[in-house]
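The sequence and coordinates come first.

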Amino acid sequence: MDMRFPDGFLWGGAVAANQCEGAYNEDGKGLSIQDVLPHGLKSPPTEGPTPDNMKLTGIDFYHRYKEDVKLFAEMGFKVFRTSIAWGRIFPNGDEETPNEKGLQFYDDLFDECLKYGMEPLVTISHYETPFHLARKYNGWASRKMVGFYEKYVSTLFSRYGGKVKYWLTFNEINSVLHSPFMSGGICTPKDELSEQELYQACHHELVASALAVKLAHEMMPQAQVGCMILSMPIYPLTPAPDDVIASMEADHKNDFFGDVHVRGEYPGYMLRYFREHDIHIHMEPEDKEILKNTVDFVSFSYYMSVCGSADPNQKAGPGNIIGGVPNPHLKASEWGWQIDPQGLRYTLNRFYDRYQKPLFVVENGLGAADRLVRDEEGSLTVEDDYRIQYLNDHLVQVREAIEDGVPVMGYTAWGCIDLVSASSAELKKRYGFIYVDRNDDGTGSLARYKKRSFSWYQEVIRTNGENLVSPENS
Ligand code: BGP
């Protein structure tokens, strides 16, 4: 197979504001839920910011973004995915007027990207609900959030409409079912939340997302808006029909979100689930109409696949927020996430079969404990051949999916510069092409060093994929 990707393919990298910016209380920013989550999903939120929270200072992207964007440009990025910290724009989330200094920061950041011909791809809400909205309203459990979000997005669209063409409404929207606080700012502890409350919160987010699409289309006719799904294909652990059905039903819990975003209404399997579990979604009269504002493209994160089983004795292994039964055929990363490049081709085909919409791979990568060493010329670097291998193998599968006829808009490698992990809030779990000298004890100079994967990815972009090695040629 010719490895060249289609002309215009959007190569790039992705980050999220809360995992890299730092400057958690500068220029009027309000606290976000991340500022009280020093250990990610490993322990509950604290009362306020604590010094062991690496996200408070992150990798200081807030002050160093020019240097970092220049490095992205050197790799040849056509697109850079980042998120806007809601609390920089509306510090509490429910005030009347936005914070000008916060707005200015993103103006400057987007200008810097555009200077190099790099399209910003902006996640409107990436695990960063203003803390005040979480505490006062219980986050997305409250319908009030729809109005606050609507105001926030209309502020963004009127300010950045001329600069940003690609928008994503909620990062990994389906994760709210699994991590209600981090994903939805819902303070009620997960084991005390009923399914009724959880699915009602999902409804609020889905309505808010559709309103954002509506507003975007009205305010920025040239813009394209996507949903963003945490994708994790669920293979039946065995061919037993019970396992196949258990896997299908587990898939439905994720598919539900894409189905509403693309089809504009609740799917039948979900209505059945609600009926059978005594869940009654409260809808305002206008909601059904609002949901008909469907997305222009579907974006997703992909790190791993899992297995589904009807056997309750099968234990779930670690994974990206959602775990699942480990696959006996796959190896895992240092953090126990199983590596399955072909799952990416499978996912792309599955989404396209289901939606017939353009697809965007907006997160994929390998978290590893990199080691800084001196190369032959004496420069500090990381010899991350394992990352090159991972990314190569996944990109080959993207190319396979394109060959299958799937329209893929682009690919943004997750954590293109090292940043703080979402699930564990560690800096040790690194994804970048660029190493950042910062450690979990807060030490480090914050200096940036190019890893071996830096020049490799630069070459992938320069050759439009031609240097990728498919298994048949290796
Ligand atoms: C996704 C999130 C990201 C990101 C990534 C890697 O769930 O959208 O924010 O961090 O996973 O996960 P982690 O940081 O836990 O390794």
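## Terms and model

On a 1 Å grid over the protein atoms alone, a cavity is a set of points where a 1.4 Å probe fits but cannot get out, and a pocket is an open set with protein on both sides within 12 Å along at least five of seven lines; a lining residue has an atom within 4 Å of a point. Grid points are joined across faces, edges and corners, and the space filled by probe spheres set on the points gives a volume.

The model is predicted: local features need pLDDT of at least 70, side-chain atom pairs count only at pLDDT 80 or more, and totals for chains, interfaces and linings use all residues. Numbering runs from 1 along each chain as its sequence is written, and side-chain values use heavy atoms, with hydrogens and water left out.

## Largest cavity

Five cavities of 30 Å³ or more turn up in a search of the whole structure. The largest cavity holds about 170 Å³ of space. Its lining consists of 18 residues, and Gln19, Asn320, Glu363, Trp414 and Ala422 lie nearest the centre.

Residue classes are assigned by type: Ala, Val, Leu, Ile, Met, Phe, Trp, Tyr, Cys and Pro are nonpolar, Asp, Glu, Lys and Arg are charged, and the others, Gly among them, are polar. On that basis the lining of the largest cavity has nine nonpolar, six polar and three charged residues.

## Ligand site

Where does the ligand sit? The ligand is in the largest cavity, where sitting requires more than half of a molecule's atoms to lie within 2 Å of the grid points. The ligand is surrounded by 16 residues, with Gln19, Glu172, Ala422, Ser423 and Tyr431 the closest; a residue counts as near if one of its heavy atoms lies within 4 Å. This shell divides into seven nonpolar, six polar and three charged residues.

Polar contacts are pairs of N or O atoms within 3.5 Å; within protein, one must be able to donate a hydrogen and the other to accept it, and residues adjacent in sequence count only if both atoms are side-chain atoms. A backbone N or O atom of Ala422 is 2.7 Å from a ligand oxygen atom. The side chain of His126 places an N or O atom 2.8 Å from an oxygen atom of the ligand, and a polar side-chain atom of Ser421 is 3.3 Å from a ligand oxygen atom. The protein covers 99% of the 380 Å² of accessible area that the ligand has on its own (Shrake-Rupley method, 1.4 Å probe; for residues, only the protein chains shown count as cover).

## Second largest cavity

About 120 Å³ of space lies in the second largest cavity. Its lining has 14 residues, with Ser231, Met232, Asp255, Arg350 and Phe351 closest to the centre.

Helices (H or I, at least four residues) and strands (E, at least two) are DSSP runs, numbered from the N terminus. Strand 5 (224–231), helix 9 (241–263) and helix 12 (341–355) each give at least two residues to this lining of the second largest cavity. Helix 12 has the largest share, five residues.

The largest pocket has a volume of about 660 Å³. Of its 27 lining residues, Ala246, Glu249, Ala250, Lys253 and Tyr273 are closest to the centre. Helix 9 provides the largest share of the lining, seven residues.

The volume of the second largest pocket is about 290 Å³. It is lined by 17 residues, and Ser43, Pro44, Pro45, Phe181 and Lys190 are the closest to its centre.
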